[in-house]
Each structure stands twice: as structure tokens, then as C-alpha cells.
Amino acid sequence: MPRLQHCGQNVGIHSVLVMKHIRLYVFLYFTALAFLQVFYHSLERLTRGNPGDWAVISIEQGTGAYGVLVLLPLILWSAKRHRLRFSFTSISWHLATLVVFSILHTLWNWGTRVLLFRAFGMGHYDYGIMRLRFLMEFPIDAVGYSVCVGTYMVYQNWLRARELEQQLAEARLQNLSRQLQPHFLFNALNAVSAVMYENVARADHMLTLLCDFLRATLRLPENPAIPVSSELDLVRRYLEVMQTRLESRLNFAISCDPQAESALVPALILQPLVENAVEHGKDPSGRLNIDIAIHKMNGHIEISIRDHGHGPTRSNGGHGLANTRQRLATAYRSEASFRLEQHPQGGAVAEIRIPL
């Protein structure tokens, strides 16, 4: 439960930050719109040989643009309440909301301009005959209302598409994880069977460790991503199983940057890489030395698993590594990388780079 709560808190914080960014972008959009309107109308007067009258135009266009911003919650409430469709109910609802919006916007323009003219000592502001002004402003308000509703609908469709894409990616990752667990279990049981007739006590100890590992995997959250510290705990349990079988022939070292321990990675992403190192990483004397290092660097988690064997061969690219590549591509697309190469000092090194 603490892990799930931690993930939920991260999601909540991310949502708040996204909303702050959206509000800022909306404010900047209407500010830019006001500046462009001031620029356009001032130049339009100058091209006719009239004074630019920047102060009057700035107040008029500024109050008009920010008036839409002030009334934007009304537009969004209407769009949420009834999606714009070609139906009598939807069209009637939005027409009624448009009329209310246009009346309020026109009253806002009149009231704020009168107040600002008085505040800046610019005299009386003449907004004309109000009943005609309501009719004059209505077409412009209809365009503004339509743009706001249309933009909101596009944004909502984008959110739904992104959510569906994320759900599909999570389903694929869960399916790949299910494929990985039987693959590991098959290899682990083979390891037990290899020693059960030679040393029953050792085989029994291996089965105990194997049960501990399987219990740990069953306790994994539904979320396909887990903290690095939990992933390393699973790796350590697996290597302890193998160390019981190989005894002094297997040595492993795990180092992890403390800042990277809480970062999220796909569950069991290291398992096939460690299995591959155990299977192919024996040095000429038959000993296994496996080094696992995890660092946080430049907004990424960098993972390396090195053995001291003969280096990567064609047989190294089996089901487990193909599964790893596919899971990384599904979860992060081109933002993550995986490679298996010859280490300069001998042996093979598998490297994963995952964005935070």
C-alpha cells in the first residue's frame, strides 16, 4: 500500500503542475491576443491618417480579451455539461449559453471601460446605444465562444486518446510481465533439479529461496512500474537462489545511487538481463562474477549489468532480451535505450537508460 500511495501522490502532484501550466498558457494566450488586437487597430487608424490613440485602443481591446478570460469558466462549464453535437438539446443549450455569455461580456466591456477611463482621467467613455451594442457584439462573441468550445473539445479528445494509449501500453507491459514470470520459473526449477540428487539439503534451501522470490513477485502492485529499490530486491533474491546452486563459483555486487532508489522502472526489467549474465557470463575458469550498478544522471536512470565471460554472442539475444527491448519500447518509445555489448575489459555488459 505505501508504494501505491507514493505513486498516487506523484500522479496528484503531476496533475496539479499540469493544471498550473495550462492556466498560465491560457493567460498568456489572451494577453497575446490583446496585444495583437491593439497593434492591429492602432495601425488601422494610422493607415487612414488618424491618430493612433494607443491608450483608448489598449483599454478597449484589453478589456475585451480579458473579459473572455474572466467568463471562460462559464464557457467550459457549458462545454462539460453538454458536448457540442448536432442535436436539438445540445444546440439549444449552447445557444442559450452563448446569449448569456454575450450579454455578460458586453456589460463587462461597458463597465470596465467606464471605470478605467475615470481612473486614468480620460473623461467619459461613450459605448453607444446599449441595445444596439448587444446586437453588434453578439457575432464577435459567437466566434469567441465557438473557438473556446472547439479548443476544449479538441483538448478533451486528446486527453481521452492519451489515456487509451496509456492503458494499452500498460496492458502490453502486464502481458509481457506475465510471459516473463513463467520463463524465470522454468529456469529456476531447472536449477533446482540440477542439484536435487547431488545435495538434497541444498536443493531444499534453493526451493525456500525460490518461494521467497515468488512471494515477492506476487506482492508486486498492479502498476507495471516499481521503485528501483524493489527491483533490486527481486534481483538479489534471484541471485541468492543461483548462489545456493553454484556456491563459491558465483559472486555478485550491487551498487545503487541513493538518489535513484525511489525512481520507477518497469517491474522485472532486470530479471532477464541477470539470467542472461548467469547463463553466458562464466569466465574461462567457470566462475561467475556479476556487477550491477545503477546511477541517476542527466534526468535518466542508467543501469549496467556486467559479467566476465566470453562476451555477447548470437545466443545472447533470446526470448528474455527480446522481451526487455519490447517492454522498453512500449513504455518509453524512443526515450529509453538498451544495448548488449562487449566490455572493453572483457565480458559482456548490458546497459539500460530510462527517462525519469
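This is a predicted model: local features need pLDDT of at least 70, side-chain atom pairs count only at pLDDT 80 or more; totals for chains, interfaces and linings use all residues.
User: OK, and where is confidence lowest and where is it highest?

Analyst: The protein averages a pLDDT of 81, and 83% of the residues score at least 70. The lowest confidence falls in helix H1 (residues 2-47), with a mean of 72, and the highest in helix H4 (residues 88-119), at 93; helices here are DSSP runs of H or I with at least four residues, strands are runs of E with at least two, and both are numbered from the N terminus. Over residues 1-14 pLDDT stays under 50, and for this stretch the model has six contacts beyond four places in sequence, a contact being heavy atoms within 4.5 Å.

User: Now the sheet: what is the strand order?

Analyst: Five strands make up an open sheet with mixed pairing, in the order E2-E4-E5-E7-E6, where two strands pair if DSSP finds at least two bridges between them. Strand E2 (250-256) and strand E6 (337-342) are the edge strands, each pairing on one side only. On average, neighbouring strands of this sheet are turned by 10° against each other, direction ignored; axes are lines fitted to C-alpha atoms, for helices over the stretch in contact, and angles run from 0 to 180 degrees between N-to-C directions.

User: Which helices sit on it?

Analyst: Helix H7 (residues 228-246) packs on the sheet and touches E2 and E4, with its direction at about 170° to that of E2. Helix H8 (residues 271-280) lies across E4, strand E5 (300-306), E6 and strand E7 (348-355), and runs at about 150° to E4.

User: How do the strands pair, parallel or antiparallel?

Analyst: E2 and strand E4 (residues 288-297) run parallel and are joined by seven bridges, with Ile254 having Ile292 in E4 as its bridge partner. E5 and E7 run antiparallel, also through seven bridges, and there Ile301 stands opposite Ile354 in E7. E6 and E7 are antiparallel over six bridges, with Glu341 opposite Val349 in E7; these two strands form a hairpin with five residues between them, and Gly346 in the turn has a positive phi of about 105°.

User: Why is E7 described as largely enclosed?

Analyst: E7 is largely enclosed by the rest of the structure because six of its eight residues are buried, where buried means under 20% relative accessible area, exposed over 50%, and partly exposed in between, using a 1.4 Å probe and protein chains only.

User: Which residues touch the most others in the largest nonpolar core?

Analyst: That core has 46 residues, and Leu270, Ile294 and Ile352 touch the most other members; a nonpolar core is a set of buried Ala, Val, Leu, Ile, Met, Phe, Trp, Tyr and Cys residues joined through side-chain atoms within 4.5 Å. H7 supplies the largest share of this core, nine residues. Beyond its neighbours within four places in sequence, Leu270 is in contact with Glu231, Leu232, Val235, Ile294, Ile303, Ile305 and Ile352. A second, separate core of 14 residues includes Leu71, Leu72, Leu98 and Tyr145.

User: Switching topic, how many salt bridges are there?

Analyst: The structure holds six, counting a side-chain nitrogen of Lys or Arg within 4 Å of a carboxyl oxygen of Asp or Glu. Among them is Asp233 with Arg237, whose closest N and O atoms are 3.0 Å apart; both residues lie in helix H7, four residues apart, about one turn of the helix.

User: Which ones involve the strands?

Analyst: One of them joins the side chains of Arg353 and Glu302 at 3.2 Å, N to O; Arg353 lies in strand E7 and Glu302 in strand E5, so the pair ties together parts 51 residues apart in sequence. Another is Arg339 with Glu351, the closest N and O atoms being 2.7 Å apart, which links strand E6 to strand E7 across 12 residues. Arg339, Glu341 and Glu351 are linked in a network of salt bridges.

Definitions and conventions
Residues are numbered from 1 along each chain as its sequence is written. Side-chain values use heavy atoms; hydrogens and water are left out. pLDDT is the predictor's confidence in each residue, from 0 to 100.
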